[in-house]
Amino acid sequence: MGAGADSLLIIHGGGPTAVINASLFGAVDEARGSSSVGRVLGARFGVAGLEAGDFIDLGAVPEAQLALLPATPSSAIGTGRDAVDEAGYDRLARALARNRVRWVLMNGGNGTMDTCGRLFAACERAGVEVGVIGIPKTMDNDLAVTDHAPGYGSAARFAAQAVSEVCCDVRGLPIHISVVELMGRSSGWVAAASSLAADAGYGPDLIYLPERAFDEGTFLEDVQRLIDRSGSGVVVASEGLTNAAGDPIVEPVMTVGRATYFGDVSAHLARLIMRELGYKARAEKPGLVGRASIAYQSEVDRDEAVLAGRAAVRAALAGESGKMVGFERTESTYAVRTTLLPLEQVMLEERHVPDEFINERGNGVTEAFRTWCRPLLGAPLPRLVSFV
């Protein structure tokens, strides 16, 4: 790391993932190896840390601690969901200048990339010379343009393996319908990944994604057929299910800024089954453990997260700005290469599961999706066995 005064600042935004610290590791390690960078800093708890000048000296972190980052959940420097108004962006631009930050990397999803793009514009307005680069991060996989985002592969692996275990439990005690609710906001990528539980031997019977309007009557027909056929089963539902009018099927608990705290969809559906069909049902909602579990971390996801962090530093030091690191998938054996995407193509643009990945009835996914998703999970899921 050089002795110059110019600093590189890393900011985390939004909900953490199982690999956000892997991207942090890649960025810090790359920056510490550059003679161009004077200090490597982390903003404590997101943009609030930048405005307050509350920084963590990542250049002083011992190598042994830095090496722990790729296998550490949540955000090692703290993240946040602070809303920023137009005047706030001007204050952030001045804070960058005041603290002699020459490069700023923002690691996050849709909302963070919007913040990143607006900060870039504010710096240009104020004449602040700073390179602004986005590092993609979202378990929801709803960032536009890029093939996928770091954080999703591990969330997908959790969804597949955890649901395979629920399927085994229901198979061994076939007395009810189990409804598993998975995160993902208004995109169904994580719920769709539960279909890969079948790779372990046993997968869910029904999967419902926000990309299709949810109809209670059709749902109850699907479940009744499942009861008639097997007497038990596993249903996966995304937290963001909406009806034909676009309203959530369960009223959200609250909305704070860009963050929506969804109601208990699984509990609602389990009660619906019991009330309307007179059959036993139970709800499962893994919640936060599903986005940050290191036990289910995908090594592919982890390695790609490190790659994204390194690529962001290289882009910044090469003079790029107003861009986000993205992934392009090779067309033969699975691999990715990094690319740079204009932030305006990503800011608050949601990427949904496409039609060709959803089955005709809207209660499952296609083999095309499974083929697309499978490499992101990393090593094959452990095989399971049942004799009943």
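Reader: Before we start, what counts as buried and what counts as exposed here?

Author: Buried means under 20% relative accessible area, exposed means over 50%, and partly exposed is in between. Keep in mind that this is a predicted model.

Reader: Where does Phe 45 sit?

Author: In the loop between β2 (39-43) and α2 (47-52). Phe 45 also has a positive phi of about 60°, although it isn't a glycine.

Reader: Which loop has Arg 100 in it, and what's its phi?

Author: Arg 100 is in the loop between α4 (86-98) and β4 (101-108). Its phi is positive, about 55°, and Arg 100 is not a glycine either.

Reader: Let's switch to helices. How many residues of α1 are buried?

Author: Twelve of the 13, so α1 is largely enclosed by the rest of the structure. Among the buried ones are Leu 24, Phe 25, Val 28, Glu 30 and Arg 32.

Reader: What do they pack against?

Author: The buried residues of α1 pack against β1 (7-12), β2, α3 (63-66), β4, β5 (131-136) and α11 (299-317).

Reader: And how far does α1 reach from end to end?

Author: Helix α1 covers residues 20-32 and reaches 18 Å from its first C-alpha to its last, close to the 18 Å expected at 1.5 Å a residue.

Reader: You mentioned α3. What about Leu 66, buried or exposed?

Author: Leu 66, which is found in helix α3, is buried, with a relative accessible area of 2%. It touches Phe 25, Val 28, Asp 29, Arg 32 and Val 61, leaving aside residues up to four places away in sequence.

Reader: How far is Leu 66 from Thr 218?

Author: Their C-alpha atoms are separated by 51 Å, and the two residues are 152 apart along the chain.

Reader: New topic: the largest nonpolar core. Which residues touch the most other members?

Author: Tyr 152, Leu 209, Phe 369, Trp 372 and Cys 373, out of 36 residues in that core. At least two residues each come from α6 (152-172), β6, α7 (189-193), β8 and α12 (367-373). α6 gives the most, with nine residues.

Reader: Is there a second core, or what else is there?

Author: A second, separate core has 32 residues, including Ala 18, Leu 105, Ile 135 and Ala 311.

Reader: Back to α6, then. How many of its residues are buried?

Author: 16 of its 21, which leaves α6 mostly covered. From first C-alpha to last, α6 reaches 30 Å, close to the 30 Å expected at 1.5 Å a residue.

Reader: What does Trp 372 touch?

Author: Asn 141, Asp 147, His 148, Tyr 152, Trp 189, Arg 329, Arg 351 and Phe 357, not counting residues up to four places away in sequence.

Reader: Okay, α8 and α9. At what angle do they pack?

Author: About 70°, with their axes 11 Å apart. That makes α8 roughly perpendicular to α9.

Reader: Which residues meet there?

Author: From α8, Glu 216, Phe 219, Leu 220, Val 223, Gln 224 and Ile 227; from α9, His 268, Leu 269, Leu 272, Ile 273, Glu 276 and Leu 277. By class, the contact has eight nonpolar, two polar and two charged residues.

Reader: What else covers the buried part of α9?

Author: Besides α8 (216-230), the cover includes β6 (177-182), β8 (233-238) and β11 (281-284). The buried residues of α9 include Val 265, Ala 267 and Ala 270.

Reader: And what follows α9?

Author: Gly 278, with a positive phi near 65°.

Reader: Last one: where's Pro 210, and which residues does it touch?

Author: Pro 210 lies in the loop between β7 (206-208) and α8. At 13% relative accessibility it counts as buried. Its contacts include Arg 185, Ser 186, Ser 238 and Leu 241. Pro 210 and Arg 185 are 25 residues apart in sequence and 8.4 Å apart in space, C-alpha to C-alpha.

Notes:
Residues are numbered from 1 along each chain as its sequence is written. This is a predicted model: local features need pLDDT of at least 70, side-chain atom pairs count only at pLDDT 80 or more; totals for chains, interfaces and linings use all residues. Side-chain values use heavy atoms; hydrogens and water are left out. Buried means under 20% relative accessible area, exposed over 50%, partly exposed in between (1.4 Å probe, protein chains only). Helices (H or I, at least four residues) and strands (E, at least two) are DSSP runs, numbered from the N terminus. Contact means heavy atoms within 4.5 Å. A nonpolar core is a set of buried Ala, Val, Leu, Ile, Met, Phe, Trp, Tyr and Cys residues joined through side-chain atoms within 4.5 Å. Axes are lines fitted to C-alpha atoms, for helices over the stretch in contact, and angles run from 0 to 180 degrees between N-to-C directions. Angles under 35 degrees count as roughly parallel, over 145 as roughly antiparallel, 65 to 115 as roughly perpendicular and the rest as oblique. Ala, Val, Leu, Ile, Met, Phe, Trp, Tyr, Cys and Pro count as nonpolar, Asp, Glu, Lys and Arg as charged, and the others, Gly among them, as polar. The expected span of a helix is 1.5 Å times one less than its number of residues.
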